[in-house]
Each structure stands twice: as C-alpha cells, then as structure tokens.
Amino acid sequence: MLPPSPQVQALPLPQPSEDTTRTVSETEVARLDTTRRVLPPSHIQSLPSQQSSVAVTRTISEIEMGQLNKVVHEAKHGMRRHLIRRNPFPSQTEALSFAEDALTDAISSLIGDFEYGVDRTQDGKIVTQVVRVAEAVRTLFKNVAHAQVPIAYNLNPTSLLNPDQVRRAVRSRVEHLLQDYNFLYTDDLPREFGHCALTHSLLSSAWTMPGAIVKSLDMRDMATFNGLVALAGAALNSVLYEYREGQLSTIEFSSTSAGKHYTEITRLINSMLQNEEQRSRYETYYNNVVLLGSSFHGT
C-alpha cells in the first residue's frame, strides 16, 4: 500500500448569470426572484442574443413526469459528484446550491431547454429529493466502516474472557489507531498508506455494496478518488471513536463530529502529493484500488 496524495480541489462550477437584456413585468420580476436560471455548460459557446435573453418561464415541476423522473435521477448522480469532489458535509445552504446545480446540469444535458429553472418555492419537494442524497452517501460510508473496524483492526481480543480486560485492550488499541491517524496506515513496518480497512471501505462504498456510488463518479479523476479516501477515512475515524471507551457507543456522522477529521485527512493527502516519492506510491495505491474495483464491478 502506498502513501497519501493531496486532494485536488474541484473546479468551481459555472454560476448562473442574471438576464438583464429583457424588460419584464412586475409579476415576472417577483417570479424570477426565486427562480434559478438554467445555463448551458461552460464549454458551449454563448447562445445568440435572441436566445440567451430568454428568461426562465417554467419551473422543473412543469416537466412531463417521465422526463422529470429522468432529470431527478441524473441530478442525484450529479449531487454525488458534488459531495465527493467538493464537500460531503455541506451546510444547508451549500447542500441546496449543490442540488440546484445538479438539477440545472441534468436539465441542460437531458432537455436542453434553458427556459426551465429551479424555483425553491414550487420545486421544493424535487430539490429535497436531491438534497437527501448527502445523508444517504454519508450513511453508506458509515455503515461500511462499521463492518470493517472490529475485524480489520482486531478489536475482538478473543483470548481475554474478562469484560474489563476486553474493554481495556480495546481502549488501548483504539487510542493508538486514532493517534496521528495511524488507522490509515498498515501495521507492518515500514508503514504504508492504505490499511486494508481503508481499501475495503473504498471498494465496498464505491463499487460492491448495494447503493455503491461508482456509477455517479468518474474514477479516472484523482480528485474524485481523493474525496472518496477522505470520506472513507472520516467514516473509519468516526467508528473508532465509538469504540474509544472500550465498548460501542453512538456518534453521528455529521459535519460537527466528523467534518474536521475529513478536513485533516484531506490535508494529509494533499501533503503527500507534495512529496515526489509519496506521490508516486499514493498514485500506485490509487491505480490498484481502481483496478480492483473495476474488476469486481465489471467496468
């Protein structure tokens, strides 16, 4: 297994721009206030003035039901990409922005009608469906970590029959694993980044578990892989904290309890990418995990 690599930051997505070329009535102004414009992808040349000046006149709720279901399905894929590449612990405002961006992109790719837009008042239920993807992704990673931690980190000392002895042994083991994020590295010397628990968490969450998210992601993109590593690491860290007193407790997997660890693991990856030798080993780890996952998934 190889050392960590810095997370490549996602490029900012193009933001909708205000349409100032058309005079609208007071009624239209009130409606446009809460309506998000749907713009073409950044690689498409600007439309002629007579098209680009068309204001949003229809909300996504007005899309025919069969087509709307496809839009929402595609938007959920987009939401997963935003979460993994940008931030899996978004604030409510950020989550709404991610969801609206994802819906905007889905409309552009599936319908191509720039008169449709996201209205938070009229489209609230649709936006909420996409926002809920964030909780589903975090739950997936935390559940996978729960399955990995006791076995992969040997938190079941069967030779100790006294409950107090077991708890003391688990406390000592967990304390060592949490220190300096030792749980991300192999136990053998020399230490290598990529403990088997991390590798199995990545494979399960992205490729093999029901609900695995690989279909939403571009695994050729190292920034995506870095985001997966940071989220899987944060989930393992969260479960280890649940064992910190020697017996299992419950800790929510949220920005409050896990966000700072996600950030620290991201920094760890980024610092490894600054070192030529560590970067080379991390890239080998990345390639090996993606090869395994693709082989299991048949992609």
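Colleague: How confident is the predictor in the protein chain, and what is the mean pLDDT?

Modeller: The model is predicted, so start with confidence. The mean pLDDT of the chain is 83. Of its residues, 79% reach 70 or more.

Colleague: Where is confidence lowest, and where is it highest?

Modeller: Helix H2, residues 49–52, has the lowest mean, at 35. Helix H9, residues 222–242, has the highest, at 98. Residues 1–54 stay under 50 throughout. The model still has 127 contacts beyond four places in sequence for that stretch.

Colleague: How should I treat a stretch like that?

Modeller: Where pLDDT is low, the predicted coordinates should not be read in detail. Here, that concerns residues 1–54, with pLDDT under 50.

Colleague: How many helices and strands does the protein chain have?

Modeller: There are 11 helices and 3 strands. Read from the N terminus, the order is α-β-α-β-α-α-β-α-α-α-α-α-α-α.

Colleague: What share of the residues count as buried?

Modeller: Of the 299 residues, 45% count as buried. Sequence separation is another thing to check. Take the contacts with a separation of 6 or more: 76% of them are between residues 24 or more positions apart.

Colleague: Can we see that with single residues? Is Ile-107 buried or exposed?

Modeller: Ile-107 is in helix H4. Its relative accessibility is 0%, so Ile-107 counts as buried. Ile-107 and Val-71 are 36 residues apart in sequence, yet their C-alpha atoms are 6.2 Å apart in space.

Colleague: And Ser-205: which residues is it in contact with, leaving aside neighbours within four places in sequence?

Modeller: Ser-205 is found in helix H8. It counts as buried because its relative accessibility is 0%. Its contacts are Leu-140, Phe-141, Val-144, Ala-212 and Ile-213.

Colleague: What does an intermediate case look like? Take Ala-169.

Modeller: Ala-169 is in helix H7. At 28% relative accessibility, Ala-169 counts as partly exposed, because that value lies between the 20% and 50% cut-offs. Ala-169 and Asn-156 are 13 residues apart in sequence. Their C-alpha atoms are 9.2 Å apart.

Colleague: Next, helix packing. At what angle do H4 and H5 pack?

Modeller: Read the angle and the axis distance together. Helix H4 covers residues 92–110 and helix H5 covers 124–131. They pack at about 105 degrees, with axes 9 Å apart. The 65 to 115 range counts as roughly perpendicular, so H4 and H5 fall in that class.

Colleague: Which residues make the contact between H4 and H5?

Modeller: H4 supplies Ala-95, Leu-96, Ala-99, Ala-102 and Leu-103. H5 supplies Ile-126, Val-127, Val-130 and Val-131. By class, that contact has 9 nonpolar residues, no polar and no charged.

Colleague: How do H10 and H11 cross?

Modeller: Helix H10 spans residues 255–273 and helix H11 spans 276–297. Their axes come within 6 Å and cross at roughly 115 degrees. Ile-269, Ser-271, Met-272 and Leu-273 of H10 meet Gln-278, Arg-279 and Tyr-282 of H11. The contact of H10 with H11 divides into 4 nonpolar, 2 polar and 1 charged.

Colleague: Now the backbone. What should I look for?

Modeller: Most residues other than glycine have a negative phi, and most peptide bonds are trans. Look for departures from that pattern.

Colleague: Which residues have a positive phi here?

Modeller: Asn-154 is one of them, with phi near 55 degrees. Asn-154 sits in the loop between helix H6 (133–152) and H7. At 53% relative accessibility, Asn-154 counts as exposed. Asp-180 is another, with a positive phi of about 55 degrees. Asp-180 lies in the loop between H7 and H8. At 60%, Asp-180 counts as exposed too.

Colleague: Where is the cis peptide bond?

Modeller: The cis bond joins Leu-189 and Pro-190, with omega about -5 degrees. Pro-190 is placed in the loop between H7 and H8.

Colleague: What about Glu-192: buried or exposed?

Modeller: Glu-192 lies in the loop between helix H7 (163–178) and helix H8 (196–208). Its relative accessibility is 17%, under the 20% cut-off, so Glu-192 counts as buried. For a charged residue, look for a partner. The side chains of Glu-192 and Arg-281 are joined by a polar contact of 3.0 Å.

Note on methods:
Residues are numbered from 1 along each chain as its sequence is written. This is a predicted model: local features need pLDDT of at least 70, side-chain atom pairs count only at pLDDT 80 or more; totals for chains, interfaces and linings use all residues. Side-chain values use heavy atoms; hydrogens and water are left out. Helices (H or I, at least four residues) and strands (E, at least two) are DSSP runs, numbered from the N terminus. Buried means under 20% relative accessible area, exposed over 50%, partly exposed in between (1.4 Å probe, protein chains only). A polar contact is a pair of N or O atoms within 3.5 Å; within protein, one must be able to donate a hydrogen and the other to accept it, and residues adjacent in sequence count only if both atoms are side-chain atoms. pLDDT is the predictor's confidence in each residue, from 0 to 100. Contact means heavy atoms within 4.5 Å. Axes are lines fitted to C-alpha atoms, for helices over the stretch in contact, and angles run from 0 to 180 degrees between N-to-C directions. Angles under 35 degrees count as roughly parallel, over 145 as roughly antiparallel, 65 to 115 as roughly perpendicular and the rest as oblique.
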